[in-house]
Amino acid sequence: VVSPAGMESSQVAVIGSGLIGRSWAMVFAAGGFKVKLYDIAQQQLTGALENIRKQMKELEESGFLKGSLNAEKQLALISICTDLKAAVEGATFIQECTPENLELKKKIFAQLDLIVGDNVILSSSTSCLLPSKLFTGLKHVKQCIVSHPVNPPYFVPLVEIVPHPETDPSTIERTYALMKKIGQSPVKLNREIEGFVLNRLQYAVISEAWRLVGEGVISPTDLDLVMSDGLGMRYAFIGPLETMHLNAEGISNYCERYREGMKLVLNTFGSVPEFSGETEQKISQAMSEKIPVVPKHLNARREWRDECLTGLAKLKKQMSSN
Ligand code: NAI
């Protein structure tokens, strides 16, 4: 077993060079790792590398490039490859970022299973496929894990680490240490569960938002403000549990004061929405008025969101060193 420290001079492979694969490549390069980026199409890879170069230059100019190396040196760490065997040769960690399709991913992990040694970690970026669906039956199942990032991983550091029931504890520890080393913020799930944790929390919020708008309690744009100018302000710094702790004299005092009230409110929650019909129309119309569903407007807003997240990341860093 290679210790986390032993990974220092290591090389990683990123399988799939789309949105998430590019981001992972940048995060690893910022951490000083050599990255081999693999995809099925040469054209896809050339485009990805061009896009990474552009992003890195822009980040460098705005002072937001991560890591201690300059953009040119980070770029030099990334190479592209259309041969799977060559891509994973010498890698101690493989991050799979192909489309969210179980059969496709299973095929890729089966291919990897045949060519890797006993020391490499096989990690998937999957948002919702369970490790037991992805990895069961693989010879190297002990080395398999899900490392679920949040989009865009370069700006939002959380990574959910989700083991297969047969994943070796050392695989979990090594993945955790690696994520820390490259500046991400890993969390460990003790077992797999549908939606992992991030999406379970997200869906709980979306679901109540949908019901409130559907029942006409609040408009779609005001609903979003409740999060962006209300709850979200504190959630960028402290989680819901610490919020409870601070909003009273500790958790027990919070429960004593608010448990009945919380249960009363929670008992008025409705059933799982259909996410279709009139409410869908209403929300779609409101959002499209704000941001028309055309690439120009969507991309401009995404860029603005990423700028905000970059600024927030900087602020969080400042605040934590205070
Ligand atoms: P994408 O569609 O942007 O990229 C997928 C890439 O995989 C493409 O470059 C494609 O050419 C390549 N590909 C297709 N078949 C392949 C094969 N057989 N071998 C190698 N490469 C192949 O998808 P995206 O958004 O980057 O998602 C990748 C994974 O990351 C998915 O599992 C997704 O659920 C997960 N994820 C996505 C997030 C998002 O917000 N987009 C957030 C967190 C995780």
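User: In which helix is Tyr258 found?

Analyst: The model is predicted, so local features need pLDDT of at least 70 and side-chain atom pairs count only at pLDDT 80 or more, while totals for chains, interfaces and linings use all residues. Residues are numbered from 1 along each chain as its sequence is written, and side-chain values use heavy atoms, with hydrogens and water left out. Helices (H or I, at least four residues) and strands (E, at least two) are DSSP runs, numbered from the N terminus. Tyr258 is found in helix H11, which spans residues 251-266 and also holds Met262.

User: Are Tyr258 and Met262 buried, partly exposed or exposed?

Analyst: Buried means under 20% relative accessible area, exposed over 50%, and partly exposed in between (1.4 Å probe, protein chains only). Tyr258 counts as partly exposed because its relative accessibility is 33%; Met262, at 31%, is partly exposed as well.

User: Which residues make the nonpolar surface patch?

Analyst: Patches are made of residues with over 30% relative accessible area and no salt bridge; like charges are joined within 9 Å, and nonpolar side chains (Val, Leu, Ile, Met, Phe, Trp, Tyr) within 5 Å. Accessible areas come from the Shrake-Rupley method with a 1.4 Å probe, and for residues only the protein chains shown count as cover. Here Tyr258, Met262, Leu264, Val265, Leu266 and Phe269 form a nonpolar patch of about 550 Å².

User: How is the protein divided into domains?

Analyst: Domain bounds come from an automatic or database domain assignment. Domain 1 covers 4-188 and domain 2 covers 198-290. Their C-alpha centres lie 33 Å apart.

User: Which residues touch the most other members of the largest nonpolar core?

Analyst: A nonpolar core is a set of buried Ala, Val, Leu, Ile, Met, Phe, Trp, Tyr and Cys residues joined through side-chain atoms within 4.5 Å. The largest has 33 residues, of which Trp24, Phe28, Ile52, Met56 and Ile78 touch the most other members. Elements giving two or more residues to this core include strand S1 (11-15), helix H1 (19-30), helix H2 (42-61) and helix H7 (169-181). Apart from this core lies another, of 26 residues, among them Ala13, Leu112, Leu129 and Phe196.

User: What does Trp24 touch?

Analyst: Contact means heavy atoms within 4.5 Å. Leaving aside residues up to four places away in sequence, the contacts of Trp24 include Val14, Gln95, Cys97, Pro149, Val159 and Met179.

User: How many salt bridges does the count come to?

Analyst: A salt bridge is a side-chain nitrogen of Lys or Arg within 4 Å of a carboxyl oxygen of Asp or Glu. By this rule there are nine. One of them joins Glu72 and Lys57, at 2.8 Å from N to O. Since Glu72 lies in helix H3 and Lys57 in helix H2, this pair ties together parts that are 15 residues apart in sequence. Glu72 is partly exposed at 44%, and Lys57 is partly exposed at 30%.

User: Which residues are linked in a network of salt bridges?

Analyst: Glu96, Glu100 and Lys105 are linked in this way. Glu100 is partly exposed, with a relative accessible area of 36%, whereas Lys105 is buried at 1%.
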